[in-house]
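I opened this model to find my way around it. These are my notes, in the order in which I looked things up.

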Amino acid sequence: MTRSARPERFGAFVPLDSPPALVAVDRILASRLGVDGGALWDGPDPGLGVAVLTAPTEVHVAVTERCPAGCAGCYADATPNGHEPSFAELTDRLDALRAMGVFSVAFGGGEAALRKDIGAVAAHARRIGLSPTMTTSGLGIDAEGASKLTAFAQVNVSWDGPAELYRGVRGYDGASRAEAAIRHLRAAGITVGINTVLTSTNYPHLSRIGEGAADLGAVELQLLRWKPAGRGRLDYLARRLTRAQVDSFGSELRRLAERNSMAVRIDCALVPFLAASGETSPADLARFAVMGCEAGRSLMTLDAHGGPRPCSFWDAPSDDADGTETPAEAWQTAEALLRFRDYAANAPEPCASCDYFTVCRGGCRVVAGAAGDAFRPDPECPRVQHEEARLSEAGTKSASSADDRGD
Ligand code: SF4
Ligand code: SF4
């Protein structure tokens with residue numbers, strides 16, 4: 001099956017093979033490319049920024065809940081005996097995703113690479129027109145294992161820095177195993193990226209991490225914010241970046257990108273830190289495809305039981321999911337997804353009037369949830385903190401003037 005354009009209310013998504021990209025085009029260009037928008041194009045064009053998409057463009061698929069590694073911050077709380085769907089269950093889910101117009105799937109877990117059939121699952125995805133990627137700690141990837149993974153468009157290996165930096169983040173010595181897996185994957189001709197979770201302990205060594213990732217031959221280094229989900233909740237406050245580190249994030253990122261030839265990416269949850277630095281304009285961030293919280297907009301997750309979630313870090317299963325709805329039905333009706341969309345459409349201040357809102361979309365709901373209310377602005381965004389301090393100061397002033405008046 002060839003990958004074809006997908007009509008949307010704003011126009012269409014058009015997948016390109018070389019360079020690999022998904023391009024959003026308006027109705028005029030979409031028509032010129034032969035796309036028929038049908039009833040979707042009746043009525044005014046809502047614009048890409050606000051349109052609810054007919055389907056996610058990417059779905060994160062948990063292919064297992066099993067993992068013996070025991071990483072300190074595992075957002076999935078994976079264990080050696082976690083649930084694992086069968087090959088047939090997974091391929092049925094992939095077929096349903098392709099039928100609804102999804103373009104790419106990202107396999108995670110648990111440890112996805114421990115599935116003996118993971119290469120065959122990826123090959124099935126390819127066959128039906130999905131572009132598969134995978135995130136792994138490298139566990140179980142030797143030369144023979146790597147040779148079975150060639151259907152993947154890219155494999156990202158979690159590597160939080162060399163030796164002691166890795167141990168400081170994950171709680172065990174896994175750096176050399178991840179490095180060996182990267183070498184095996186590259187030898188098998190597979191495009192490899194590196195995922196690095198940022199904590200207060202490895203952040204001061206970002207330049208060393210960048211050099212190490214380039215030496216390992218990664219095509220990209222993706223930095224991720226530590227999420228208070230699963231085991232990551234346990235010592236979140238000690239692990240998260242300090243306020244001084246958040247304030248330096250924009251300039252550190254720029255330095256990292258300038259010094260290394262590989263691409264440097266940040267995950268959705270780090271976008272508020274980059275936005276708050278003001279280093280790069282919202283238009284430039286959009287041009288570089290920097291995307292904040294896309295959960296429920298272009299992104300959905302299927303957990304290991306096939307249940308819909310807004311994103312992989314959202315660890316509450318949907319209350320309304322009974323396991324019988326198709327992914328297409330879940331996209332339209334799952335309550336958690338609707339709440340994410342509603343938040344983005346009616347964001348409170350200071351996000352509503354923030355210049356960066358269209359890129360950032362209000363920061364991370366998972367972090368906000370850990371602070372007490374998932375549908376409040378990200379409490380660690382410096383702009384949000386500044387606004388809260390201003391309101392608190394204004395409240396203190398008005399209380400003290402009431403006191404002065406003897407109210
Ligand atoms: S104020 Fe809101 S929209 Fe603006 S950068 Fe912070 S979290 Fe993002
Ligand atoms: S809630 Fe949004 S920003 Fe946070 S991890 Fe999920 S997709 Fe990313």
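I began with the fold and counted 16 helices and twelve strands in the protein. Helices here are DSSP runs of H or I with at least four residues, strands are runs of E with at least two, and both are numbered from the N terminus. I then checked the radius of gyration, which is 22 Å, close to the 22 Å that the globule rule gives for 407 residues, so the protein is as compact as a globular protein of that length. That radius is taken over C-alpha atoms, and the rule is 2.2 Å times the number of residues to the power 0.38.

I noted the ground rules. This is a predicted model, where local features need pLDDT of at least 70 and side-chain atom pairs count only at pLDDT 80 or more, while totals for chains, interfaces and linings use all residues. Residues are numbered from 1 along each chain as its sequence is written, chains are lettered from A and ligands numbered from 1 in the order in which they are written, and side-chain values use heavy atoms, with hydrogens and water left out.

Next came overall extent and packing. The C-alpha trace spans about 80 × 60 × 45 Å along its principal axes. I found that 51% of the 407 residues count as buried. Buried means under 20% relative accessible area, exposed means over 50%, and partly exposed lies in between (1.4 Å probe, protein chains only). Among contacts with a separation of 6 or more, 69% come from residues 24 or more positions apart. Contact means heavy atoms within 4.5 Å.

I turned to the ligands. Which residues surround ligand 1? I listed Ala-275, Cys-351, Cys-354, Phe-357, Cys-360, Gly-362, Gly-363, Cys-381, Arg-383 and Val-384. A residue is near if one of its heavy atoms lies within 4 Å. Helices α14 (357–360) and α16 (382–404) each give two or more residues to this shell. By class, the shell has seven nonpolar, two polar and one charged residues.

Around ligand 2 I found Lys-227, Cys-268, Ala-269, Cys-293, Ala-295, Cys-311, Phe-313, Phe-340, Cys-364, Arg-365 and Val-366. That shell divides into nine nonpolar, no polar and two charged residues.

I picked out single residues next. Gly-230 is in the loop between β9 (220–225) and α8 (236–239). Is Gly-230 buried or exposed? I read 15% relative accessibility, so Gly-230 counts as buried. Leaving aside neighbours within four places in sequence, Gly-230 is in contact with Cys-74, Tyr-75, Asp-77 and Asp-315. Its C-alpha is 7.4 Å from that of Gly-73, 157 residues apart along the chain.

Asp-77, one of those contacts, lies in the loop between β4 (58–62) and α2 (87–99). Its phi is near 55 degrees, a positive value in a residue other than glycine. Asp-77 is partly exposed at 41%.

Ala-178 lies in helix α6 (residues 175–187). Its relative accessibility is 0%, so Ala-178 counts as buried. Not counting residues up to four places away, Ala-178 touches Ser-137, Val-157, Ser-158, Trp-159 and Tyr-166.

Last, I looked for cis peptide bonds. One runs from Ser-18 to Pro-19, with omega near 0 degrees. Pro-19 is in the loop between β2 (11–16) and β3 (21–26). Another joins Gly-109 and Gly-110, with omega about 15 degrees.

How values were computed:
Ala, Val, Leu, Ile, Met, Phe, Trp, Tyr, Cys and Pro count as nonpolar, Asp, Glu, Lys and Arg as charged, and the others, Gly among them, as polar.
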